[in-house]
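Let's take a walk through this fold together. Have the sequence and the 3D view open as you read.

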Amino acid sequence: MATRAPTPASPPVEGGWGYAIRRVWRNGSHDLFGSTTDRHQADRALARDHRFWRSGPVRPAAVYVVATPACAVITHPVDGCRNSSCPDSSQRGEVR
Ligand SMILES: [Zn+2]
């Protein structure tokens, strides 16, 4: 950190609660992405994802918004995660 950058428009939240998109695949794995503190933005990202998959030959089993600590999204595996303790609820504070 050489210089102190100005605060960006959407600063990354560290440790705070936010929302993310959870995409579940038919093989039982899932993705977690699109961390945001804005529920409305999460809903828009969700709608975008739905539109994207609607036209494709491969479709996820489910895509929905979950409440999650931002750090859980940042550290989440990018590919083929099957951890049952990952955020899977739209309500805060239910991470086991
Ligand atoms: Zn996971």
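Helices (H or I, at least four residues) and strands (E, at least two) are DSSP runs, numbered from the N terminus. Keep in mind that this is a predicted model: local features need pLDDT of at least 70, side-chain atom pairs count only at pLDDT 80 or more, and totals for chains, interfaces and linings use all residues. Residue numbers start from 1 along each chain as its sequence is written.

Start with Asp43, which sits in helix α1 (residues 39–54). Its C-alpha atom is 8.6 Å from that of Tyr64, 21 residues apart along the chain.

Now for the strands. Two strands pair if DSSP finds at least two bridges between them. Here, three strands form an open sheet in the order β2-β1-β3, with antiparallel pairing. The edge strands, β2 and β3, each pair on one side only. β1 and β3 are joined by eight bridges in the antiparallel sense, and Ile21 has Val65 in β3 as its bridge partner.

| β1 | 17–24 |

What about the inside? A nonpolar core is a set of buried Ala, Val, Leu, Ile, Met, Phe, Trp, Tyr and Cys residues joined through C-beta atoms within 7 Å; buried means 20 or more other C-beta atoms within 10 Å of a residue's own, with C-beta atoms placed from the backbone. The largest such core has nine residues, including Tyr19, Leu32 and Val73. β1 and α1 each supply at least two of its residues, and the largest share, three residues, comes from β1.

Technical notes. A residue is buried if 20 or more other C-beta atoms lie within 10 Å of its own, exposed if 12 or fewer, and partly exposed in between; C-beta atoms are placed from the backbone.
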